[in-house]
Amino acid sequence: ASANTAILLRTLWIGAMVTIACALIGLPYAMLAASVTGWERQLLLGAVLLPLWTSLLVRTAAWFILLQEKGLINDTLISLGLITGPLPLIFNRLGVVIAMTHVLLPFMVLPIYSVLLAIPRNLMPAAASLGAPPWRAFLRVLLPLSLRGVVSGSLLVFMTAIGYYITPALIGGAQDQMISSVIAFYAIGSANWGMAGALGAILLVATLALYAVYGRLSSDRGGL
């Protein structure tokens, strides 16, 4: 029981790290996509939607190739003289977070982007005309108005992340396996259906609770 609790907490922690990483990347990316028009916007949206058109196994396998010791990332950093030896980017927590962030980034960008489109474009120039520097206008005007999209995107990413199986299994090490791997082991490896069902029920209840919060936020936004 203590081991299962530790793995559940690890799953929540990895999900939180992936959510934070997606938010840090997704918010400025969505702001950039919402600030341009025409082919530039289509290009930015197409780039972030591209992972959704590819199989999850293919995307994870691509990161497996990129992150390995002789992979493209380490070879590029070594050729540029930024490092002297390969970085440990695979079979650890860092590799899992990188791969999952790339896969789940669209679920963060799209909710934020939809909220930003509804914000009047003249608010930031109006704040600047009143003497607010860009960083203060962002913190006092744009960020509060976009928080609903950030929260919605964070819930979507977190709900999806805690149920991931393939990416941690291929990219992570023994200490990076999440609750889905344990459920698969109990169901297939040891035929302990009771424990697999109990852990699956816990994951299902957590996901449904988060989905209810997301649905409430979405309905509130629609009412506004």
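1. Let's start where two helices touch: W63, I65, L66 and L67 of α3 meet L72, I73 and N74 of α4. Contact here means heavy atoms within 4.5 Å, and the helices are DSSP runs (H or I, at least four residues), numbered from the N terminus. Sorted by type, the residues of this contact are six nonpolar, one polar and no charged. For the labels, Ala, Val, Leu, Ile, Met, Phe, Trp, Tyr, Cys and Pro count as nonpolar, Asp, Glu, Lys and Arg as charged, and the others, Gly among them, as polar.

2. Before going on, a word on what you're looking at. This is a predicted model, where local features need pLDDT of at least 70 and side-chain atom pairs count only at pLDDT 80 or more, while totals for chains, interfaces and linings use all residues. Residues are numbered from 1 along each chain as its sequence is written, and side-chain values use heavy atoms, with hydrogens and water left out.

3. Back to that helix pair. The axes of α3 (residues 56–67) and α4 (residues 72–79) come within 5 Å and cross at roughly 30 degrees. That's why α3 and α4 are roughly parallel to each other, a label given to angles under 35 degrees. The axes are lines fitted to C-alpha atoms over the stretch in contact, and angles run from 0 to 180 degrees between N-to-C directions.

4. Now the largest pocket, with a volume of about 330 Å³. Its lining is made of M31, A34, S35, L116, L117, I119, P120, R121, L123, M124, V141 and L142. α1 (2–35), α5 (93–117), α6 (123–129) and α7 (134–161) are the elements giving two or more residues to this lining, and α1 has the largest share, three residues. By type, the lining holds ten nonpolar residues, one polar and one charged. A pocket is an open set of points on a 1 Å grid where a 1.4 Å probe fits, with protein on both sides within 12 Å along at least five of seven lines; lining residues have an atom within 4 Å of a point.

5. Have a look at V36 too, in the loop between α1 and α2. V36 is buried, at 17% relative accessible area (buried is under 20%, exposed over 50%, partly exposed in between, with a 1.4 Å probe and protein chains only). Neighbours within four places in sequence aside, V36 is in contact with R41 and L44.

6. Last, G46, which sits in helix α2 (residues 38–49). G46 counts as partly exposed, at 24% relative accessibility. Its C-alpha atom is separated by 33 Å from that of G81, 35 residues apart along the chain.

Conventions
Parallel < 35°, antiparallel > 145°, perpendicular 65-115°, else oblique. Points joined across faces, edges and corners; volume = space filled by probe spheres on them.
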